[in-house]
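User: I'm new to this structure and would like a friendly walk through it. Could we go through it together, one question at a time?

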Amino acid sequence: MPEAHDALGVQAVPDTPGALESLLDLLDLERIERDIFRGRSRSSLVPRVFGGQVAAQALVAAGRTVPEDRLAHSLHAYFLRPGDPGAPIVYSVDRIRDGRSFTTRRVVAVQHGQPIFHLSASFQAYEEGLDHQADMPAAPDPETLPTAGEMLPRHLPEDVARRLVEARAAVDLRYADTPPWGSVGEPREPRSQVWFRTNGKLADDPLLHVCLATYVSDMTLLDSVLLAHGRGGWAVGDVVGASLDHAMWFHRPFRADEWLLYDQESPSSGGGRGLGQARIWTRDGKLAISVIQEGVVRVPRS
């Protein structure tokens with residue numbers, strides 16, 4: 001049987017910018033025991049660990065207990081408690097099942113003696129099968145869109161824009177339309193498109209690309225909820241919120257260091273929660289990933 005993903009292949013090529021190297025280092029968990037890993041955190045715009053980081057690290061932990069010939073095909077996760085960015089996170093992996101075609105893992109992330117996150121992930125050995133997909137939606141060419149460094153200062157206070165650019169420096173993320181904080185007070189169709197790729201080349205390990213897509217997937221998915229109500233979001237403080245659960249299905253191979261279109265929409269919000277669903281496409285039109293997330297979306301009390 002092939003060996004597990006021991007080091008995840010997180011060594012980027014030498015010309016990777018510092019921000020991406022820092023993110024890859026964050027995902028390179030320390031192995032404490034056979035199925036126990038420890039991760040660090042990075043600062044974020046809110047006083048808790050960024051949910052995409054916890055999800056990506058948990059998937060790294062799961063992947064390191066799975067043979068390399070089995071690729072991640074789905075994950076289902078719950079965010080249980082806010083993570084403390086000043087404390088390490090311990091990831092404990094349960095080897096639920098090792099079948100002939102599928103491997104299942106359960107990961108619990110713990111801080112201060114309490115679970116903060118729960119992940120179930122499934123991996124599959126490659127096989128041929130029936131193949132069809134929906135058509136890719138129309139979208140502008142990513143090269144024609146402004147970078148985050150160009151767009152954010154147009155709509156946000158200088159200090160907020162700078163912190164948001166720094167927090168996302170490892171990723172080149174470009175909005176196809178005006179983001180929520182650029183149209184506050186103007187309800188719009190609850191749909192958003194962004195193009196993204198890492199700011200540097202990556203090693204070829206498929207698990208690495210899946211983990212980085214998982215990391216990015218938590219950045220903008222609830223934007224579509226905000227658009228429906230003309231809210232600017234966490235960056236401007238007219239809503240408070242957090243991720244509740246997150247699910248992803250990985251359909252086809254992709255590279256996170258090549259342009260991916262994140263086409264997002266919100267079919268519903270209510271009860272202090274908002275639902276976002278999305279598809280992620282490669283630039284040449286292949287449906288790579290499906291994503292669904294529900295989050296807390298509340299209007300702050302006066």
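Here are some questions and answers about this predicted model.

User: Let's begin with two helices. How are α1 and α5 oriented to each other?

Analyst: Helix α1 spans residues 18-27 and helix α5 spans residues 206-220. Their axes come within 12 Å and cross at roughly 105°. Angles of 65 to 115 degrees count as roughly perpendicular. The two helices are therefore roughly perpendicular.

User: Which residues of α5 make the contact with α1?

Analyst: On the α1 side, the contact is made by L23, L24 and L27. By class, the contact has six nonpolar residues, with no polar and no charged ones. From α5 come L208, L212 and Y215.

User: Which residue caps the N-terminal end of α5?

Analyst: Look for a side-chain oxygen that lies 3.0 Å from the backbone nitrogen of L207. That oxygen belongs to the capping residue, D205.

User: How many residues of α5 are buried?

Analyst: Helix α5 has 15 residues and is mostly covered. One of its residues is T214, which counts as buried because its relative accessibility is 0%. T214 also touches G52, A55, A56, L59, L75, M248 and F250, leaving out residues up to four places away in sequence.

User: Which element gives the largest share of the largest nonpolar core?

Analyst: This core has 69 residues, and those with the most contacts inside it are L59, Y91, F117, L119 and I289. Beyond its neighbours within four places in sequence, L119 is in contact with A58, L59, L75, H76, A77, R105, R106 and V107. The largest share of the core is nine residues, and they come from α5.

User: How many residues are in the other core that lies apart from it?

Analyst: Among the members of this other core are L145, W195, L261 and L287. Its residue count is seven.

User: Is L71 buried, partly exposed or exposed?

Analyst: L71 is found in strand β3, residues 70-79. Not counting residues up to four places away in sequence, L71 touches S122, F123, Q124 and P206. Buried means under 20% relative accessible area and exposed means over 50%. With a relative accessible area of 36%, L71 is therefore partly exposed.

User: How far apart are the C-alpha atoms of L71 and S22?

Analyst: Along the chain, L71 and S22 are 49 residues apart. In the model, their C-alpha atoms are separated by 25 Å.

User: What is the phi of H112?

Analyst: H112 lies in the loop between β5 (102-111) and β6 (114-125). H112 counts as exposed because its relative accessibility is 62%. Most residues other than glycine have a negative phi. H112 is not a glycine, yet its phi is positive, at about 50°.

User: Which residue's side chain makes a polar contact with the side chain of D263?

Analyst: D263 lies in strand β10, residues 260-270, and is buried because its relative accessible area is 13%. Setting aside residues up to four places away in sequence, D263 touches P137, R191, S192, Q193, Q277, A278, R279 and W281. The polar contact between side chains has a distance of 2.9 Å, and the partner of D263 is R191.

Technical notes:
Residues numbered from 1 in each chain as written. Predicted model: local features only at pLDDT ≥ 70, side-chain atom pairs only at ≥ 80, totals over all residues. Heavy atoms only, no water. Axes fitted to C-alpha atoms, helices over the stretch in contact; angles between N-to-C directions. Helix = DSSP H or I, 4+ residues; strand = E, 2+ residues; numbered from the N terminus. Parallel < 35°, antiparallel > 145°, perpendicular 65-115°, else oblique. Contact = heavy atoms within 4.5 Å. Nonpolar A, V, L, I, M, F, W, Y, C, P; charged D, E, K, R; others polar. Buried < 20%, exposed > 50% of the residue type's maximum accessible area, 1.4 Å probe, protein only. Polar contact = N/O pair within 3.5 Å; in protein donor to acceptor, adjacent residues only side chain to side chain. Core = buried A, V, L, I, M, F, W, Y, C linked by side-chain atoms within 4.5 Å.
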